[in-house]
Amino acid sequence: MRHGFLIAAPHSGSGKTTIARGLMALFTLKGYRVQPFKCGPDYIDTKFHAAVCGRASINLDTFMATPEHVRELFERYGEDADVCVVEGMMGLFDGYDRDKGSSAEIARVLDLPVILVVDAKSAAYSMAALISGFVNFRKDVRISGVIFNRVGSARHFAMLQQVCDDMGIECFGYLPKKAELEQGSRYLGLDFSEKPENKLLIDLLEQNVQWQRLLELTSNDKPVCPQPCKRCERTGRTLIARNDESFSFIYQENIDRFAEVSFFDPEHDVPRLDDVALLYLPGGYPEKHLDALVQAEATRKAIKDYADRGGHIIAECGGMMYLCERIITDVGEFPMCGVLPYNITARKIDRKLSLGYRCFTLDGKEYRGHEFHYTQFLGETPQSATQVYNAKGEPVPTPVIHYKNVWASYTHLYEISL
């Protein structure tokens with residue numbers, strides 16, 4: 001019997017990731033094979049999922065992929081799992097255009113029940129109005145029950161349980177307010193360099209959440225994609241830059257599309273590029289590891305030589321920054337690969353948030369992805385090979401840079417096929 005559900009919340013900061021990670025860890029500890037998923041383009045929450053489940057977390061996104069593709073991903077990666085746990089994004093109905101692309105849309109596409117995580121700090125019976133609104137807002141979204149977060153005491157929980165009784169909604173339990181459970185954050189999201197507290201979280205969930213009842217109410221062996229879609233694999237050897245932070249924002253589905261893949265760490269390894277069909281430089285936090293990247297001079301030279309002789313490179317966000325002349329911070333200037341004649345500023349005074357879905361067309365093919373960064377080009381923005389648009393079809397100044405066989409942009413692509 002396979003179980004599956006989506007964990008959502010009324011708004012960001014409610015504790016979705018904490019409770020999702022905790023339930024994944026608890027189920028894994030109990031011997032279940034748990035397949036994690038994440039709604040939207042988030043690269044960071046998926047790292048917490050993978051750490052406790054021992055298998056890659058898969059992004060499900062209805063802007064970057066079709067509903068059919070989302071169903072195929074869910075079925076393919078969850079085929080051998082006992083429990084499929086999907087963590088939502090933002091609030092349940094928050095999408096790029098009203099509820100388009102929201103967690104609610106993913107729940108509808110996959111016909112999954114929703115577990116609503118509600119931050120109950122400093123509230124009691126007022127939760128009735130909030131829960132009633134979410135349960136009754138859209139009848140095509142099935143909210144199977146509630147888990148309360150940041151509950152102050154047993155007496156507080158008793159009042160919240162009364163709310164669920166009056167609303168006729170299942171109360172699966174609660175997570176008490178504990179400072180040790182709070183996860184640190186930084187400017188692109190949760191700080192995944194910190195090791196979160198798992199044992200305490202698992203113990204508290206096992207004590208205070210009816211997890212067996214949750215599984216009982218979310219069992220479903222019906223496949224969501226009876227006829228899996230045919231995947232197109234990219235042939236030839238692909239070399240991917242990957243490490244814990246500076247090159248770490250990679251969709252598992254992108255990796256699985258390559259027929260032959262190997263990895264290297266630009267902070268330590270000098271890549272062998274003679275037989276490489278594609279060098280893929282994904283995003284991450286290169287600005288936090290500049291000393292190591294500068295010291296790896298032979299790596300930077302090998303990549304520049306490969307680009308200059310016509311090697312095929314795709315570089316996204318942090319990967320694009322790495323290809324530029326230098327990255328400038330508040331402590332100095334750091335030489336990078338020098339493939340692209342631009343400078344990137346990561347100085348605090350220059351920080352500007354660029355965030356949102358992106359799409360553009362090249363040679364008749366549409367590409368979709370997302371952009372999320374604070375660094376900027378220093379000086380004039382480079383000329384773009386094509387116009388880039390946001391999710392509503394409005395033009396944005398994000399450039400797509402083309403040099404020989406190098407394609408680079410701040411946009412993280414979902415499907416690597418340039």
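How many bridges pair strand β14 with strand β16, and is the sense parallel or antiparallel? Strand β14 (residues 324-329) and strand β16 (residues 340-345) pair over four bridges, in the parallel sense. This comes from a predicted model. The report starts with the whole chain, then takes the sheets, then the helix contacts.

## The chain as a whole

The chain holds twelve helices and 24 strands. Its C-alpha trace spans about 70 × 50 × 40 Å along the principal axes. A compact globule of 418 residues would have a radius of gyration near 22 Å, and the chain agrees because its own value is 22 Å.

## The seven-stranded sheet

Strands of a sheet pair through backbone hydrogen bonds, either parallel or antiparallel. Here, seven strands make an open sheet with parallel pairing. Their order is β3-β2-β4-β1-β5-β6-β7. Which strands stand at the edges? They are β3 (58-60) and β7 (170-176). Each has a single partner strand, so one side of each is left without a neighbour in the sheet. From one strand to the next, the twist averages 25 degrees.

Strand β5 (residues 114-119) runs parallel to strand β6 (residues 143-151), and six bridges join the two. I115 has G145 of β6 as its bridge partner.

## The four-stranded sheet

A further open sheet has four strands, in the order β15-β14-β16-β19. Its pairing is mixed. The edge strands, β15 (332-335) and β19 (376-377), each pair on one side only.

Strand β14 shows both senses of pairing. With β16 the sense is parallel, whereas with β15 it is antiparallel, over four bridges. β14 and β15 also form a hairpin, with two residues between them.

Strand β17 (residues 354-362) and strand β18 (residues 365-373) pair in the antiparallel sense, over nine bridges. T361 is bridged to E366 of β18. The two strands form a hairpin with two residues between them.

Strand β24 (residues 412-413) runs antiparallel to β18 and is joined to it by two bridges. There, H370 stands opposite H412 of β24.

## Helix contacts

Two packed helices are described by the angle between their axes and the distance between the axes.

| Helix pair | Residues | Axis distance | Angle |
|---|---|---|---|
| α1 and α2 | 16-29 and 45-53 | within 8 Å | roughly 15 degrees |
| α3 and α4 | 67-78 and 103-110 | 10 Å | about 70 degrees |
| α5 and α6 | 127-137 and 154-167 | within 9 Å | roughly 40 degrees |

Take α1 and α2 to begin with. Their axes cross at roughly 15 degrees. That makes α1 roughly parallel to α2. The crossing is right-handed. From α1 come T17, R21, M24, A25 and T28, which meet D45, F48, H49, V52 and C53 of α2. By class, this contact has five nonpolar, three polar and two charged residues.

Now α3 and α4. Are these helices roughly parallel or roughly perpendicular to each other? The angle is about 70 degrees. A value from 65 to 115 degrees counts as roughly perpendicular, and α3 and α4 are therefore roughly perpendicular to each other. P67, V70, R71 and F74 of α3 make the contact with I106, V109 and L110 of α4. Six of these residues are nonpolar, none is polar and one is charged.

α5 and α6 have a right-handed crossing. M127, A128, I131 and S132 of α5 meet L160, V163 and M167 of α6. This contact divides into six nonpolar, one polar and no charged residues.

Definitions and conventions:
Residues are numbered from 1 along each chain as its sequence is written. This is a predicted model: local features need pLDDT of at least 70, side-chain atom pairs count only at pLDDT 80 or more; totals for chains, interfaces and linings use all residues. Side-chain values use heavy atoms; hydrogens and water are left out. Two strands pair if DSSP finds at least two bridges between them. Axes are lines fitted to C-alpha atoms, for helices over the stretch in contact, and angles run from 0 to 180 degrees between N-to-C directions. Angles under 35 degrees count as roughly parallel, over 145 as roughly antiparallel, 65 to 115 as roughly perpendicular and the rest as oblique. A crossing is left-handed if the near helix is turned anticlockwise from the far one by less than a right angle, and right-handed if clockwise. Contact means heavy atoms within 4.5 Å. Ala, Val, Leu, Ile, Met, Phe, Trp, Tyr, Cys and Pro count as nonpolar, Asp, Glu, Lys and Arg as charged, and the others, Gly among them, as polar. The radius of gyration is taken over C-alpha atoms; the globule rule is 2.2 Å times the number of residues to the power 0.38.
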